[in-house]
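Please look at the structure below before reading on.

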Amino acid sequence: YKKTAALTAALTLLSACTSESVPAMQAQHSGTLLTTTAAPVAAESVSVTTTTTVAASSVTTTTEAVTTAETTAATLQTTELPAFQPDTERFSSSLAEIYDEYGIIGMSVAVFDNGEIIHTENLGYADREQGILCDDNTRYRIASISKVISTIGIMKMVDKGDISLDTKLTEATGIEYDWAYSDGTVELKHLLTHTAGLIDTWRFENEPNMKYSINRLMANSHSGAEPGTFFNYSNFGSGSIGAVIERITGEYFHDYMDSALFTPLGMDAGYVIDLIDDKESTANLYDYDGEILKPKEWGRDSVYYESFGLGNSYYAAQCELIITASDLAQFGIALAGDGTAYGKKVLSPESVAAMNENYISTENFDMGLNIRIYNDIVEGRTIYGHPGNALGCINGIFYDPTDGTGVVFLTNR
C-alpha cells in the first residue's frame, strides 16, 4: 500500500501540470497546435519518450479585425503562440526516487492528457537475469486492473443490447448466483460493484490448479449479505464476468475479448499468453519471497482455460491480462473522456458514464463498475481508477474525467 500511494502521488505531478496549463492555453489561442516527439533518452536502465502538444514558434494566427466604421478592408494580425512544456524533469526525478526507494526492478509509465499519451517512461529490467531493459513495448501481467478491462468488455455487450445492468444473472446465464437468495436477486450491476454477496473461498484461491464447475464454487462462495447492500471485494465475483460473457456470446472469454477489444484497437494484448504475438516482450514477475515467475512460459494458455468448459471461466477475467502501459492508457483515455481513444470507439458515452457512476460507498473509496473513486489521493481532485497488486507487482490506472488527465504505471516488483 505504501508503494502504491507513493507511486500514485508522484505520477500525478505531470498530469496535474498539463491539466492546468494546456486547456487554458488552448482557450486563449486559436492557432494550429503541432505534436512533436522527443527522442528517447539513452541510459543504462532508463528510457523516456515525451510527446508534448506545443504551439510551434513559426505558427501564426490570422485575426480579422474591423477598426472603425470607415474601415473597408480587414487587417491581418500575426500573433506568435507560446509553447507549453510539461514538467517532465520534475516527474522523472520523482519517479527515479521512488524506483530506488522501493526496490522496484522494472517499471513502465504512460501519462495521458486530453485524449493523447503525452509522456512515457521506462526504468529497470523486464528480465533482470538476461539484462533485458523495460521499454514502451514491454508487456506486464496487470493483476486486478484486468477487472476494469473485463468490465469494458461486458459493457460493450450492454451497448449492443445483449445484456443490461439490470439483467438477472441466474435467469440469463444459468449460473447459480442466487444460490443463497430468492431467484432473480443478483443483477449484473451487483457483480460489477462487488455487491453480489460473493466471497473468495479456499476453493477459488486454489485455482487455477483445480477445476471446479462454476456452480459448485457458487454454492460455497456466498457471504449472506443481500445483493446491492454490502461491498465485499471478490476476485471470484469479478472472475465470473468471463462465464457470463461465455454463456451469452457462445465464445470463450479470451477469444471474445480479443475480437471485441484488442484486435479492433490494434493491441497485441490478451488474457492468455498464446494470443499475444510478441510473447518475448512479457516482463518477468519478481515475487517478494524471491521467486521469479515468467508469464510467457507458464501453462495458463487458451488450451488450459478451454479445458474448464465453455461457460465456466471464473479466473482469467479478474487478473490475467497482459498488456503494455501505452495500450492500457488508451482504455484510460476512453474512460476519462467520451469512450473513444485515438479516433476508435471503445465504449459509448453512456457506458463510460455508467462505469464512472458511484453505486456504493466504502470506508476508503466510492465504487463504480469495477472503478474505484478516490477523494484523498490528490488534494483538490477526485481520482478514478483501479490498482493491481499480485505476485510482487504493483500497478495502477488512475484518471480525472473532469480534464481528461491520467496515468498508468506497471511494475514487475
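Helices H3 and H10 pack at an angle of about 75 degrees, with their axes 10 Å apart. H3 and H10 are therefore roughly perpendicular to each other, a term for angles of 65 to 115 degrees. Axes are lines fitted to C-alpha atoms, for helices over the stretch in contact, and angles run from 0 to 180 degrees between N-to-C directions. Helices (H or I, at least four residues) and strands (E, at least two) are DSSP runs, numbered from the N terminus.

This is a predicted model, in which local features need pLDDT of at least 70 and side-chain atom pairs count only at pLDDT 80 or more, while totals for chains, interfaces and linings use all residues. Residues are numbered from 1 along each chain as its sequence is written, and side-chain values use heavy atoms, with hydrogens and water left out.

H3 (residues 146–160) also packs against H9 (residues 241–249).

| Helix pair | Angle | Axis distance |
|---|---|---|
| H3 and H10 | about 75 degrees | 10 Å |
| H3 and H9 | about 30 degrees | 10 Å |

The angle between H3 and H9 makes the two roughly parallel, which is the term for angles under 35 degrees. Residues in contact (heavy atoms within 4.5 Å) include Ser150 and Ile154 of H3 and Val244 and Ile248 of H9. By class, this contact has six nonpolar, three polar and no charged residues.

The whole structure holds 13 aromatic pairs, meaning rings of Phe, Tyr and Trp (its six-membered ring) with centres within 6.5 Å. In one of them, the rings of Phe253 and Tyr271 have centres 4.7 Å apart and planes at 70 degrees, so the pair is edge-to-face (planes over 60 degrees apart). Phe253 lies in H10 (residues 253–262) and Tyr271 in the loop between H10 and strand E9 (285–286), 18 residues apart.

The mean pLDDT, the predictor's confidence in each residue from 0 to 100, is 82, and 77% of residues reach 70 or more. Over residues 13–43 the pLDDT is below 50.

Definitions and conventions. Parallel < 35°, antiparallel > 145°, perpendicular 65-115°, else oblique. Nonpolar A, V, L, I, M, F, W, Y, C, P; charged D, E, K, R; others polar. Phe/Tyr/Trp six-rings, centres within 6.5 Å; stacked < 30°, edge-to-face > 60°.
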